[in-house]
Amino acid sequence: MAKQYDVLFRLLLLGDSGVGKTCLLCRFTDNEFHPSHISTIGVDFKMKTLEIDGIKVRIQIWDTAGQERYQTITKQYYRRAQGIFLVYDITSERSFQHIMKWASDVDEYAPDNIQRILIGNKSDEEEKRQVATGQGNKLAKDYGMDFFETSASTNYNITESFTRLAEQVLAANKKDLDLLRASVTDELNLAALEEEEGITDGAAASQKGCWC
Amino acid sequence: MCVQLLSFFFCFLQAKNLSEELRKLSWSGIPRHVRPITWKLLSGYLPANTERRESTLQRKRQEYFGFIEQYYDSRNDEHHQDTYRQIRIDIPRMSPECLMLQPMVTEIFERILFIWAIRHPASGYVQGINDLVTPFFVVYVFEYIKEEVENFDVSSLQEAALRNIEADSFWCMSKLLDGIQDNYTFAQPGIQRKVKALEELVSRIDETVHIHMQQYEVEYLQFAFRWMNNLLMRELPLRCTIRLWDTYQAEPEGFSHFHLYVCAAFLVRWRKEILDQRDFQGLMILLQNLPTMHWGNEEVSVLLAEAYRLKFAFADAPNHYKR
């Protein structure tokens with residue numbers, strides 16, 4: 001029986017209200033774009049399965065509300081994440097300045113080996129740009145992160161950035177990954193690994209890809 | 001039947017004092033025609049005494065526009081600009097089924113929310129509060145028009161009518177929020193407490209569903225936070241929310257307490273769909289996207305009846321059915 005996926009990761013989208021976190025996610029999981037998406041309350045959930053180096057990676061993505069008042073709630077999700085998108089809006093200097101605050105929250109509440117990536121969204125709105133690409137690059141370098149400018153509207157760099165973060169998470173969890181590769185090679189089933197991850201495969205096990 | 005119901009309403013609406021009968025009638029749904037005045041009475045905005053109603057309305061409407069004169073210019077001041085910015089970001093991102101994209105409506109919502117926020121600094125504006133204006137606004141627009149509201153051009157209303165709708169919506173929303181303010185203060189203690197209470201309640205009324213969710217590590221906060229923060233408005237079509245609020249306003253502590261039982265009944269309503277899901281992601285996607293698009297009065301009435309039964313069985317005897 002074909003498995004739906006080999007490994008499971010949890011990624012989190014953080015950043016100020018209105019920078020386009022939900023739009024990035026909808027473009028990635030459903031290839032859809034709505035210019036005025038309904039605002040996120042608390043935390044929303046989506047998922048997608050990617051194939052990286054022959055491994056089926058299911059990613060659960062938690063999309064958070066950006067307003068400060070929600071942070072007591074959203075911080076509860078940090079510690080269970082393996083990767084984090086820090087998102088700002090290139091047309092908002094303020095959202096870029098706040099990245100430092102978001103990054104320090106991540107340092108405080110997320111696990112030590114968390115993988116981070118910096119995203120400057122709305123790159124299609126060049127005429128309203130307030131944050132130069134160089135500024136994004138420099139900040140990412142200072143924090144040791146990769147950096148992408150993206151546009152959910154034009155579908156620019158969306159798959160690339162999600163795939164990059166997933167690759168980083170895979171690399172950071174290489175030990176588990178090697179175990180997985182060994183078992184794939186030996187054609188063993190992955191029940192042991194799945195048990196460890198607390199996943200149970202259901203009746204729909206032959207279904208592949210994204211359920212969204 | 002319907003005519004008779006209406007005449008009962010007319011009779012009780014004219015009564016000198018707010019009768020228990022009006023509450024009882026309203027609990028089961030208010031006819032559209034008398035909904036605006038009934039909501040104003042039930043919320044306590046309009047005095048029961050018929051002789052004082054008109055003067056109270058005039059005074060409150062003036063008071064509201066006094067606040068606008070006094071405070072609204074400060075929206076771009078340094079210490080208010082975050083609030084105003086957040087409100088402006090959120091209004092275009094509200095439920096598409098209402099009239100939000102009309103510029104005049106946007107302006108009205110901006111004023112209502114900004115004035116409320118700066119007069120309630122303990123919570124300030126929190127995302128979700130914007131949704132709570134909509135039912136009042138839509139219901140009060142009906143006072144002045146006969147058509148279905150969905151395609152209605154608000155700017156065709158007379159200015160005086162629009163001002164009344166705005167002020168009435170502000171005061172009724174304020175009354176509602178007074179009862180649930182701890183949902184929106186720092187760390188949102190009201191919501192955290194109610195989500196815990198929901199979990200406890202569901203574990204007692206439907207252990208199978210509760211254990212099923214536990215087994216797949218679904219936490220109540222992951223789906224019910226929004227149920228509390230937005231009073232199920234994100235889970236139901238607007239017409240259902242309006243019907244739900246007939247009951248919430250007729251029920252003592254409807255928004256702050258009875259809502260919990262409605263949430264429990266709502267969750268258990270999906271028991272079969274929940275038990276059919278056999279992994280975390282399936283459950284989460286179901287619970288965050290419950291299929292209520294086709295819902296109408298019928299479904300809401302069933303939900304409310306079940307919530308009432310639960311309240312009756314559990315509210316006054318918190319240990320009676322303890323596991």
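Predicted model: local features only at pLDDT ≥ 70, side-chain atom pairs only at ≥ 80, totals over all residues.
Local features need pLDDT of at least 70 and side-chain atom pairs count only at pLDDT 80 or more, while totals for chains, interfaces and linings use all residues. Side-chain values use heavy atoms, without hydrogens and water; residues are numbered from 1 along each chain as its sequence is written, and chains are lettered from A, with ligands numbered from 1, in the order in which they are written.

Chain A contains an open sheet of six strands in the order 2-3-1-4-5-6. The pairing is mixed. Strands (E, at least two residues) and helices (H or I, at least four) are DSSP runs numbered from the N terminus. Two strands pair if DSSP finds at least two bridges between them. Strand 2 (43–52) and strand 6 (146–149) of chain A are the edge strands, each pairing on one side only. From one strand to the next, the twist averages 25°.

Strand 1 (residues 7–15) and strand 4 (residues 83–89) of chain A run parallel and are joined by five bridges. Within this part of the sheet, A:Leu12 stands opposite A:Ile84 of strand 4. Helix 6 (residues 158–172) of chain A packs on the sheet. Helix 6 touches strand 1, strand 2, strand 3 (55–64), strand 4, strand 5 (115–121) and strand 6 of chain A, contact meaning heavy atoms within 4.5 Å. The direction of helix 6 makes about 170° with that of strand 5. Such angles run from 0 to 180 degrees between N-to-C directions, with axes fitted to C-alpha atoms, for helices over the stretch in contact.

Strands 2 and 3 of chain A are antiparallel and share ten bridges. A:Leu50 has A:Val57 in strand 3 as its bridge partner. The hairpin of these strands has two residues between them. There, A:Asp53 takes a positive phi near 50°.

Chain B is divided into domain 1 (43–178) and domain 2 (189–321), with bounds from an automatic or database domain assignment. The domain centres, taken over C-alpha atoms, are separated by 28 Å. Contact involves 13 residues of domain 1 and 13 residues of domain 2. The two domains of chain B bury about 1,100 Å² between them, 69% of it from carbon and sulfur atoms. Buried area is the accessible area (1.4 Å probe) that two parts lose on being put together, summed over both. One salt bridge is found across this interface; the criterion is a side-chain nitrogen of Lys or Arg within 4 Å of a carboxyl oxygen of Asp or Glu. On the domain 1 side, helix 7 (residues 129–141) of chain B gives the most, with seven residues.

Between the chains, 38 residues of chain B are in contact with 32 residues of chain A. About 3,000 Å² is buried between chain B and chain A, 51% of it on carbon and sulfur atoms. B:Arg93, B:Gln127 and B:Gln281 lose the most area on the chain B side, together 21% of what that side buries. Three salt bridges cross the interface of chain B and chain A. A:Asp44 forms a salt bridge with B:Arg226, with the closest N and O atoms 3.1 Å apart. Helix 5 (81–90), helix 11 (220–229) and helix 15 (280–288) of chain B each supply at least two residues of the side that touches chain A. Helix 15 gives the most to that side, with six residues.
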